[in-house]
Amino acid sequence: MRKLLAAALCLAVSATGCGATVEPSRDAKPSAVTLTNCGRKVTYDKVPERVVTNDIGITELMFALGLEDRMAGFAMPDDKGDLGDVPWKDGYDKVKWLSKDRLTKENVLAARADLVFAGWNYGFSEDGGFTPDALKKLGIPSYVLTESCRNGRSKSSRGVMPPLDALYTDLTNLGRLFGVEKRAAALIDGFRKQIAAVRTKAPQGADRPSVFLYDSGQGQPFTAGRYAAPEQIISEAGGVNVMHDVADSWTAVGWESVVKRDPDVILICDYGDVSVEQKKRFLLSYAPLRGVSAVKHRRIFALDYADLVESPRNPSAIARLGAYLRTVPGKR
């Protein structure tokens, strides 16, 4: 499965020369670049040369654009799956793994970072005092992952656009900032074509299976509302997110709401100390879910964490989930 994933991603990211040495040349670029990031105009005075990233999806956005030579390191827990068989293995081999927890002011300063690329709940946190404003006081610019942009519905609510639009926005912005606009455009074009091919085969109308994203939790499940990446991954694959009415991104809900929505499929997010098999056993044995269609028919599918947060793996995840959903009987 992972070899098939790597092959599919190589096709989508062929513009970057998957597994090959990235050409040193850059598209023409100005000395200062102004971008719109989370609704704010941000000016970067120079092209960053020592970028530090937080988490796997953000790190792989840099790798997909061939920008590992612009990186000083990344922070990421080591529970995010096997990294030895991904198209960007060379990036992981070349760039320093700064922390297996998360970024801090201390490790950012030690890395002499000139840009921090992270997101709200993907490194940035008010509680820990690690925020773009705090970094600005240290003279370090930042870029916020668009999937995580705060939207004003509450102090911590995230999601300002459809998740794939967030992916394309970040690729476009990074392309401008680092002078690799053509590479970014080629990636986006490949991703759009890959997703369009899935869409032509996807179930339609009443035949679209309903899907519940299960991240973790037993007393209360952690899942994805309509502003998290799984919402659009599920819909483009031909399904319907049963938590579409939840106006949030990643959030906790009650099991009673899952039972009420009666999903046809449960999609497991694979990461952490609890394995897919352990999560599956729990779901199949949890008494309140006994009558849920997905449990009765044992329709449980899994994708990696990196497939389900904003990342260059999203289009391949849509293709794999789409193939599975096409095996679910229609609701005729």
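Cysteine 149 is buried, with a relative accessible area of 1%. Here, buried means under 20% relative accessible area, exposed means over 50%, and partly exposed lies in between (1.4 Å probe, protein chains only). The model is predicted: local features need pLDDT of at least 70, side-chain atom pairs count only at pLDDT 80 or more, and totals for chains, interfaces and linings use all residues. Residues are numbered from 1 along each chain as its sequence is written, and side-chain values use heavy atoms, with hydrogens and water left out.

The structure holds one disulfide, defined as a pair of cysteine sulfur atoms within 2.5 Å. Cysteine 149 forms this bond with cysteine 38, and the two sulfur atoms are 2.0 Å apart. The torsion about the S-S bond is about -80°, so the disulfide is left-handed. Cysteine 38 sits in the loop between β1 (33-37) and β2 (40-44), and cysteine 149 in the loop between β8 (142-144) and α6 (163-178), so the pair ties together parts that are 111 residues apart in sequence. Helices (H or I, at least four residues) and strands (E, at least two) are DSSP runs, numbered from the N terminus. Cysteine 38 is partly exposed, at 28% relative accessibility. Cysteine 269 is buried, at 0%.

Four strands form an open sheet with parallel pairing, in the order β11-β9-β13-β14. Pairing requires at least two bridges found by DSSP between two strands. The edges are β11 (240-241) and β14 (300-304); each has a single partner strand, so one side of each is left without a neighbour in the sheet. β14 pairs with β13 (residues 265-270) in the parallel sense over five bridges. Within this pairing, leucine 267 has phenylalanine 301 of β14 as its bridge partner. Helix α13 (residues 314-325) packs on the sheet and touches β9 (210-214), β13 and β14. Contact means heavy atoms within 4.5 Å. The direction of α13 makes about 175° with that of β14. Axes are lines fitted to C-alpha atoms, for helices over the stretch in contact, with angles from 0 to 180 degrees between N-to-C directions.

A nonpolar core is a set of buried Ala, Val, Leu, Ile, Met, Phe, Trp, Tyr and Cys residues joined through side-chain atoms within 4.5 Å. The largest has 64 residues, and Phe117, Phe178, Leu267 and Leu321 have the most contacts inside it. Helix α6 gives the most to this core, with seven residues. Apart from this core lies another, of 18 residues, including Ile268, Leu283, Ala294 and Ile300. Beyond its neighbours within four places in sequence, phenylalanine 117 contacts residues including Val51, Ile58, Tyr143 and Leu174.
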